[in-house]
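Hi there,

Here is the structure I promised to pass on. My notes follow below it, and I hope they are handy.

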Amino acid sequence: MSFRISLSGMNAASADLNITSNNIANANTSGFKQSRAEFADVFAVSAYGLASNAVGAGARLQRVAQQFGQGNVDFTGKSLDMALSGQGFFTLSGNGAMSYSRAGNFGADREGYVVNPAGQRLQVFLPNADGNGFDTGRMGDLRLATGDSPPLATGEVEVGLNLPGNATAPTLTPFDANDPSTYNHTTSLTVYDSLGAPHSQSMYFVKTANPNEWQLHTQIDGNDVGAAQTLQYSATGALTLPATGNIALPAYTPPGGAAPMAVSLQLGTSTQYGNAFGVSALVQDGHATGRLSTIEVSPEGVVNARYSNGESIALGQVALTNFANPQGLQPVGDNGWAETYASGDARRGAAGTSEFGLVQGGALEASNVDLTEQLVNMITAQRNFQANAQMIQTQDQITQTVINLR
């Protein structure tokens with residue numbers, strides 16, 4: 001009996017050493033969570049129960065418990081690296097089989113899907129049809145947009161400027177864009193057609209003989225767009241005509257097959273003060289074709305694709321999963337765990353809500369293994385193994401003494 005008790009102790013100490021060894025081996029594994037050996041004593045129980053003077057029958061490994069403490073967040077600068085600060089797991093799909101991980105070392109495969117090194121695809125909540133928010137009831141694979149961002153034709157130009165109140169009408173009254181003596185001031189900006197081609201839009205301001213009145217001439221690529229528009233200002237310098245501050249220019253058909261450009265000028269903030277011409281704002285709402293430049297991940301897990309034309313498209317929101325009992329999860333390798341009956345049902349949500357932590361883009365969560373602690377555990381397990389081995393040696397000596405009795 002004593003031999004078996006000591007043998008169980010040696011087996012327990014050996015298991016403890018194996019677990020410690022595994023922890024140390026994964027000290028540099030991203031998202032790894034250390035394990036702890038939990039032991040239980042053993043008593044032989046008969047059909048009539050346990051006697052009050054029963055001696056224990058040794059020890060056994062009861063459970064290898066995962067320790068889901070937070071690991072350090074190390075910044076990598078890689079756009080698809082993600083770290084979780086707080087509770088939750090990344091949700092992954094491998095051929096339809098769901099697994100969960102704290103390791104956020106993701107990359108893109110040849111089809112543009114965001115995957116971990118094992119090829120499992122990161123799951124996200126997909127954008128709503130109207131582009132506002134995300135549908136937390138609809139989950140799918142995160143796929144990077146590899147195509148270009150479509151162009152947007154300019155529809156509105158905000159013109160913020162000040163015309164000098166002391167200006168006088170030009171001497172020559174026929175307007176000619178090539179003759180600066182026929183206008184007082186000019187400014188220009190770049191606008192875009194429906195194919196993303198840029199065009200130069202110029203605006204010429206001509207003071208009339210009437211007090212506080214100006215004529216606005218607009219050209220695109222040197223071509224007149226409609227007739228001159230009248231601007232009227234009050235005695236205090238505020239725009240009074242047009243009353244809405246909006247001028248809808250006639251459609252201009254650009255070369256190259258693009259749709260006619262219908263540009264509206266917003267002049268409501270323009271003024272007539274002092275004696276200096278100044279432009280404070282020239283903002284248009286169109287843009288050219290854009291190429292994918294960067295991927296950004298917000299703390300809420302929203303993955304945005306940013307393009308060279310300044311546009312940003314939300315591709316999805318990282319779907320996080322938590323469990324009532326994370327220690328009940330089953331390790332499946334490759335830094336992943338699988339749901340079990342003991343873990344409870346998967347509860348999904350977005351970062352920063354309820355019980356879920358935040359996502360840090362361009363970073364990885366390091367292993368939570370404390371090497372100093374593991375080395376102490378190793379020494380302790382080694383001493384336990386040696387002590388049980390010594391017990392076997394002692395029992396052997398006692399047995400030999402009995403055998404030698406005459």
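**An aromatic pair and its surroundings**

Tyrosine 183 is buried, at a relative accessible area of 14% (buried is under 20%, exposed over 50% and partly exposed in between, using a 1.4 Å probe and protein chains only). Before going on, please note that this is a predicted model, where local features need pLDDT of at least 70 and side-chain atom pairs count only at pLDDT 80 or more, while totals for chains, interfaces and linings use all residues. Residues are numbered from 1 along each chain as its sequence is written, and side-chain values use heavy atoms, with hydrogens and water left out.

Searching the whole structure gives 10 aromatic pairs (rings of Phe, Tyr and Trp, the last by its six-membered ring, with centres within 6.5 Å; planes under 30 degrees apart are stacked, over 60 edge-to-face and the rest tilted). In one of them, the ring centres of tyrosine 183 and tyrosine 204 are 5.0 Å apart with planes at 65°, so this pair is edge-to-face. Tyrosine 183 sits in the loop between strand 11 (156-163) and strand 12 (185-192), and tyrosine 204 in strand 13 (residues 198-207), so the pair ties together parts 21 residues apart in sequence. Strands (E, at least two residues) and helices (H or I, at least four) are DSSP runs numbered from the N terminus. Tyrosine 204 is buried too, with a relative accessible area of 9%. Elsewhere, Phe68, Phe89, Tyr100, Phe323 and Trp337 make up one aromatic cluster.

**Salt bridges**

The whole structure holds 10 salt bridges (a side-chain nitrogen of Lys or Arg within 4 Å of a carboxyl oxygen of Asp or Glu). Glutamate 38 takes part in one with arginine 36, with the closest N and O atoms 2.5 Å apart, and in another with arginine 63, at 2.9 Å from N to O. The second pair links distant parts of the chain, as glutamate 38 is in strand 1 and arginine 63 in strand 2, 25 residues apart. Glutamate 38 is buried at 16% relative accessibility, whereas arginine 36 is partly exposed at 42% and arginine 63 partly exposed at 36%. Lys33, Arg102 and Glu365 are linked in a salt-bridge network.

**Helix 1**

The 24 residues of helix 1 (residues 2-25) should span 34 Å at 1.5 Å a residue, which agrees with the 34 Å between its end C-alpha atoms (the expected span is 1.5 Å times one less than the number of residues). Its buried residues include Met10, Asp16 and Ile19.

Best wishes
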